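Let's take a look at the pocket in this protein and at the ligand that goes with it. Here is the structure.

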Amino acid sequence: MKPIDLRSDTVTQPTEAMRRAMAYAEVGDDVYGEDPTVNRLQELAAEKVGKEAGLFVPSGTMGNLIALLVHCRRGEEMLVGNRSHIFLSERGGASALGGIHSRQLPNQPDGSLALSDLQAAIRPDDIHDPVTRLICLENTHNECGGVYQSPQYVHQVGELARRYGLSLHLDGARLFNAAVAQGIDARELTAPVDSVTFCLSKGLCAPVGSVLCGSRAFIAEARKVRKMLGGGMRQAGILAAAGIVALETMIDRLAEDHARARWLADGLKQLPGLLVDEPATNMVFFSWDESIPYDERRLIAELRAQGVLAGSVAPRRIRLVTHYGIDDSDIEQTLRAFRAILSR
Ligand code: TLP
């Protein structure tokens with residue numbers, strides 16, 4: 001039997017419509033800017049987030065890195081969350097490849113950076129200090145539980161950034177989950193930011209790729225940095241074709257993933273010993289008390305034996321992610337697997 005794979009929404013497979021679109025995509029050499037399908041994807045992506053231009057990139061990690069390299073020069077400082085993906089999970093690329101000094105501020109439980117912390121961290125014009133250049137937000141926030149930031153909050157950070165002449169970048173790997181969960185247009189979440197990366201290859205099911213969006217001038221620079229990083233692709237329209245299908249047909253259905261995450265969390269809450277976070281989007285995080293004699297590796301192994309794949313994010317803490325490949329019967333089966341394991 002096919003395992004029920006709840007490790008991440010990155011495991012999603014391209015849909016039939018994507019495979020067809022890929023097979024017949026009109027392509028050209030994108031380093032010359034001549035791939036019509038890539039160009040169409042970039043225009044569509046920019047429109048979806050209300051920016052002038054977009055750049056198709058191989059991954060969210062590269063999209064974020066390019067943005068940071070365009071915003072900051074060597075020795076300049078970016079303000080990032082201490083639980084952000086950029087800080088924790090991108091191999092330190094900003095510092096290794098950009099010489100960018102990172103200042104980590106505590107992510108609040110809701111994924112935000114406190115405005116007072118941001119304000120206090122902005123450096124004065126002092127000969128000793130690195131120049132503060134950039135603020136980075138993440139929406140939805142992965143480590144903090146797949147939680148979303150509101151348009152009001154993002155506007156407040158945008159105002160602060162503008163007041164101090166800073167740029168604002170959004171790691172919106174799951175931007176459309178944040179928009180759908182709040183019943184709003186993604187543009188409400190991106191209007192205040194200078195640049196945004198979002199992923200096509202997570203809940204939206206495209207096999208590869210993310211898009212970095214911003215002003216025309218910003219994207220012109222970003223295109224050069226992508227080339228420098230070796231991310232200039234050729235007949236990439238084959239991949240972009242799936243991205244177009246993702247943006248045209250896969251956004252609204254994210255609500256189904258959110259509903260199943262809630263159902264899963266509600267079911268897990270019934271089980272003694274499990275401490276389940278309230279899911280905000282498509283991620284369910286839980287830990288457990290001493291009455292359950294398993295560490296995370298053992299619990300994951302037990303689940304695997306029952307056909308359920310899960311991932312740990314910390315000692316005695318597991319993340320389950322719902323996505324297009326997970327249907328109602330998978331949720332029922334997952335809850336049965338937990339009951340079987342925990343009733344032993
Ligand atoms: N997240 C992956 C893993 O890297 C942990 C996952 O399974 O959640 N920003 C955020 C908020 C992300 O969650 C991710 C991927 C990225 C950026 C990077 O995207 P890719 O994997 O396309 O480089």
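A pocket here is found on a 1 Å grid over the protein atoms alone: it is an open set of points where a 1.4 Å probe fits, with protein on both sides within 12 Å along at least five of seven lines, and lining residues have an atom within 4 Å of a point. The model is predicted, so to speak of local features takes pLDDT of at least 70, side-chain atom pairs count only at pLDDT 80 or more, and totals for linings use all residues. Residues are numbered from 1 along each chain, and side-chain values use heavy atoms, with hydrogens and water left out.

The largest pocket has 27 lining residues, and nearest its centre are His85, Asn142, Arg174, Lys202 and Arg319. Two or more lining residues come from each of H3, helix H4 (85-88) and strand E12 (311-314). The lining splits into five nonpolar, 13 polar (Gly counts here) and nine charged residues.

And what takes up the space of the largest pocket? The ligand does. Around the ligand are 14 residues, the closest being Ser8, Gly60, Thr61, Asp171 and Arg174; to be near, a residue needs a heavy atom within 4 Å. Helix H3 (residues 60-71) gives the most to this shell, three residues. By class, the shell has one nonpolar, seven polar and six charged residues.

| Side chain | Distance to a ligand oxygen |
|---|---|
| Ser8 | 2.7 Å |
| Thr61 | 2.6 Å |
| Arg319 | 2.9 Å |

Conventions
A polar contact is a pair of N or O atoms within 3.5 Å; within protein, one must be able to donate a hydrogen and the other to accept it, and residues adjacent in sequence count only if both atoms are side-chain atoms. A molecule sits in a cavity or pocket if more than half of its atoms lie within 2 Å of its grid points. Helices (H or I, at least four residues) and strands (E, at least two) are DSSP runs, numbered from the N terminus.
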